[in-house]
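Student: Please put the structure up, and I will ask about it one part at a time.

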Amino acid sequence: MSLRRSARTASIPLKSGMTTGASISNPKRPLTPDDEPLTVSKRSKRRPSRKPSTTTAEPTSFKVPVPPSRPKRKHTSTETDQPPPLTHTPSLVGLISAPTCSAGDIDNATPPPPSRPADPHISNATLVTPGGTPATAYFSDVPEFSPSQFGLKVPTHPSSTASNLLSQACAHLISVEPKLAPLIRKHTCHIFSPSGLAEKIDPFRSLASGIMAQQVSGAAAKSIKNKFIGLFNGDDPPQSKFPTPAQVVATDISRLRLAGLSQRKAEYIHGLAEKFATGELSTSMLLRASDKEVIEKLIAVRGLGKWSVEMFACFGLKRMDVFSTGDLGVQRGMAAFMGKDVSKLKAKGGGKWKYMSEKDMLEGSEKYRPYRSLFMWYMWRAEDVDVSAVEGNGEGASSV
């Protein structure tokens, strides 16, 4: 029986996936046609061979795969907390120096200059009060202040008038530095000329326009300004007037934003209006305060940086002794005028004083007092810095 069963078992073919005893006992034996080949699934084909290895491999440590790093997205915003650029910005300077008149926002017709006293250390511009009244530092319509506060009872330069202030300033610059003579003969500075001093400037309008122009293009600033004026004038563009500080204070910040202002800029302009409305800033103060007091008072206003204030004091108030050391164009022009090769100069320590240090600029400009504003203007011209754009911003702005 055992023999018969044994023979019968041997005659049964092996099922798929099974091997003979010989093949198991001797895995190296080659298969014969009588042997059924091993059935390999599709999944097993992708697995590595399990063929025994004659060498012993060292175990390898498993490394966690690191996902590919993605570059950080740059955060873009239309508003930044960065101060205005250090270079001469035409759109901003053009807005803060544009003349105004009581009949409208921009005065294209400049009246003939009066023969009135002028002085390097006061505002030589004709400023417009919130009520629309023009005022100058030595006219009787300016309230009197004590000498210890703002008052300049008499001009420190009695012979200076609106008609000869520029010629006196140019003569002083040439007397202390004869090398300036060719530059002065080549370029005529308009801002301190008789016609420039006759232009009417609304301080609130100029400063508010300067805030609107920060960090945006000239076209965008002009659009925002027009919409801002429209908020207070309805659909009557020909008679549109820039709002008074009292009107702006009485307007919600959310409504001011309808002009295209950011939340921050709307707050800045609202805060500026409050200072004018309460008298902390006034036409009288801006006319007669010392240069230092004007700068300090205006820098204390949120939204007004030092560069913006210096440009307003020079181009708007027509103050003669303003000198902006932080302006890159002034640095470059002054370095070139002093004989340095500006193409080879580099900033030391990554600072903003690329062409000259602040200390060297202040020391080098000292001899030009009290006409450093005019000296600064010629330093822009010394290196052919393009200031032609500020000579007119398309809104009737005067030439620089």
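Student: Which residues of α16 meet which residues in α18?

Tutor: This is a predicted model, in which local features need pLDDT of at least 70, side-chain atom pairs count only at pLDDT 80 or more, and totals for chains, interfaces and linings use all residues. Residues are numbered from 1 along each chain as its sequence is written, and side-chain values use heavy atoms, with hydrogens and water left out. Helices (H or I, at least four residues) and strands (E, at least two) are DSSP runs numbered from the N terminus, and contact means heavy atoms within 4.5 Å. On the α16 side the residues are G329, V330, G333, M334 and F337, and they meet, in α18, F375, M376, M379, W380 and A382.

Student: Are α16 and α18 roughly parallel or roughly perpendicular?

Tutor: Helix α16 covers residues 328-337 and α18 covers 372-382; they pack with axes 7 Å apart, at an angle of about 75°. Axes are lines fitted to C-alpha atoms, for helices over the stretch in contact, and angles run from 0 to 180 degrees between N-to-C directions. Angles under 35 degrees count as roughly parallel, over 145 as roughly antiparallel, 65 to 115 as roughly perpendicular and the rest as oblique. The angle therefore makes α16, relative to α18, roughly perpendicular.

Student: Which residues of α16 are buried?

Tutor: Buried means under 20% relative accessible area, exposed over 50%, and partly exposed in between (1.4 Å probe, protein chains only). By that rule α16 is mostly covered, with seven of its ten residues buried, and the cover includes α17 (358-365) and α18. The buried residues are G329, V330, Q331, G333, M334, A335 and F337.

Student: Which residue caps the N-terminal end of α16?

Tutor: Look for a side-chain oxygen lying 2.8 Å from the backbone nitrogen of G329. Just after α16 there is also G339, with a positive phi of about 95°. The cap at the N-terminal end of α16 is D327.

Student: Is K318 buried or exposed?

Tutor: K318 is found in the loop between α15 (306-316) and α16. Phi of K318 is near 60°, a positive value in a residue other than glycine. Because its relative accessibility is 1%, K318 counts as buried.

Student: Q215 also has a positive phi, of about 65°, although it is not a glycine. How is Q215 classed by accessibility?

Tutor: Q215 sits in the loop between α8 (203-213) and α9 (218-230). Its relative accessibility is 36%, so Q215 counts as partly exposed.

Student: Which backbone oxygen lies 2.5 Å from a polar atom of the side chain of S123?

Tutor: S123 is in the loop between α4 (90-96) and β1, and is buried, with a relative accessible area of 1%. Leaving aside neighbours within four places in sequence, S123 is in contact with A137, L286, L287, L317 and R319. One of these is 163 residues apart from S123 along the chain, with the C-alpha atoms separated by 6.9 Å. The backbone oxygen in question belongs to L286.

Student: In what order do the strands of the open sheet lie?

Tutor: Two strands pair if DSSP finds at least two bridges between them. Strand β1 (residues 126-128) is joined to β3 by two bridges, and these strands run parallel; T126 stands opposite K200 in β3. The three strands form an open sheet with mixed pairing, in the order β2-β1-β3.

Student: Which side chain makes a polar contact with the side chain of E199?

Tutor: E199 is in the loop between α7 (194-198) and β3 (200-201), and is buried, with a relative accessible area of 4%. A polar contact is a pair of N or O atoms within 3.5 Å; within protein, one must be able to donate a hydrogen and the other to accept it, and residues adjacent in sequence count only if both atoms are side-chain atoms. At 3.3 Å, the partner side chain is that of H190.
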